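Please have the viewer open as you read.

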Amino acid sequence: MTERPPLPPFNLEAAVQKVRMAENAWNARDPIKVSLAYTEDSRWRNRGELLQGRDAIVAFLTRKWVRELDYRLVKELWDFRENRIAVRFKYEWHDDTGNWFRAHGNELWEFDEHGLMRRREASINDVPILESERKFLWDQGPRPEGHPGLTEMGF
């Protein structure tokens with residue numbers, strides 16, 4: 001079995017690290033690599049969509065990043081306990097006509113003993129923004145070290 005440290009039970013440092021690792025992976029926008037952080041039978045609720053398994057995760061993320069262009073994400077630890085982590089996040093993206101959006105959401109994560117996420121519950125709302133209102137302006141890929149997080153940006 002592949003392990004994805006840090007492993008539960010989480011302490012503050014490990015929970016913060018797990019959140020940043022997830023953020024970095026999603027910002028890289030590689031559906032296959034992202035899916036490897038989840039159990040083979042991982043269960044998701046993303047908005048109104050229910051998914052189960054890595055193949056479904058890969059298909060979902062592939063569709064997502066074809067539609068959500070120039071995607072930039074910031075996640076922040078909300079709380080943690082034993083093998084669970086709660087996260088709040090925001091991401092910015094535009095559609096193929098150039099309309100920009102900022103998504104606001106919360107996720108609840110549950111991990112197995114190997115540090116793989118076996119459950120993800122995501123509630124997300126999109127708000128239209130002007131391109132001039134964007135806050136996440138780094139080059140595609142992980143948010144640069146030292147770049148402010150959500151709290152530091154006033155979100």
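Glu-40 is exposed, at a relative accessible area of 58% (buried means under 20% relative accessible area, exposed over 50%, partly exposed in between, with a 1.4 Å probe and protein chains only). This is a predicted model, in which local features need pLDDT of at least 70 and side-chain atom pairs count only at pLDDT 80 or more, while totals for chains, interfaces and linings use all residues. Residues are numbered from 1 along each chain as its sequence is written, and side-chain values use heavy atoms, with hydrogens and water left out.

**Salt bridges**

- The count comes to 17 salt bridges, each being a side-chain nitrogen of Lys or Arg within 4 Å of a carboxyl oxygen of Asp or Glu.
- Glu-40 pairs with Arg-54, their closest N and O atoms being 2.8 Å apart. Since Glu-40 sits in strand S1 (residues 38-46) and Arg-54 in helix H3, the pair ties together parts 14 residues apart in sequence; helices (H or I, at least four residues) and strands (E, at least two) are DSSP runs, numbered from the N terminus.
- Arg-54 counts as buried, at 16% relative accessibility.
- Arg-45 forms a salt bridge with Glu-121, with 3.0 Å between the closest N and O atoms. Arg-45 belongs to strand S1 and Glu-121 to strand S6, so this pair ties together parts that are 76 residues apart in sequence.
- Arg-45 is partly exposed at 24%, and Glu-121 is partly exposed at 21%.
- Arg-63 bridges to Glu-49, the closest N and O atoms lying 2.6 Å apart. Helix H3 holds Arg-63 and strand S2 (residues 49-52) holds Glu-49, so parts 14 residues apart in sequence are tied together.
- Arg-63 is partly exposed at 45%, as is Glu-49 at 30%.
- Arg-20, Glu-23, Arg-143 and Glu-145 are linked in a network of salt bridges.

**The cavity**

- A search of the whole structure finds one cavity of 30 Å³ or more. On a 1 Å grid over the protein atoms alone, a cavity is a set of points where a 1.4 Å probe fits but cannot get out, and lining residues have an atom within 4 Å of a point.
- The largest cavity has a volume of about 60 Å³, a volume being the space filled by probe spheres set on the points.
- Helix H3 (54-67) and strands S3 (69-81), S4 (84-94) and S6 (117-129) each give two or more residues to its lining.
- S3 gives the most, with three residues.
- Residues lining the largest cavity include Trp-26, Asn-46, Glu-107 and Arg-120.

Terms used:
On a 1 Å grid over the protein atoms alone, a cavity is a set of points where a 1.4 Å probe fits but cannot get out, and a pocket is an open set with protein on both sides within 12 Å along at least five of seven lines; lining residues have an atom within 4 Å of a point.
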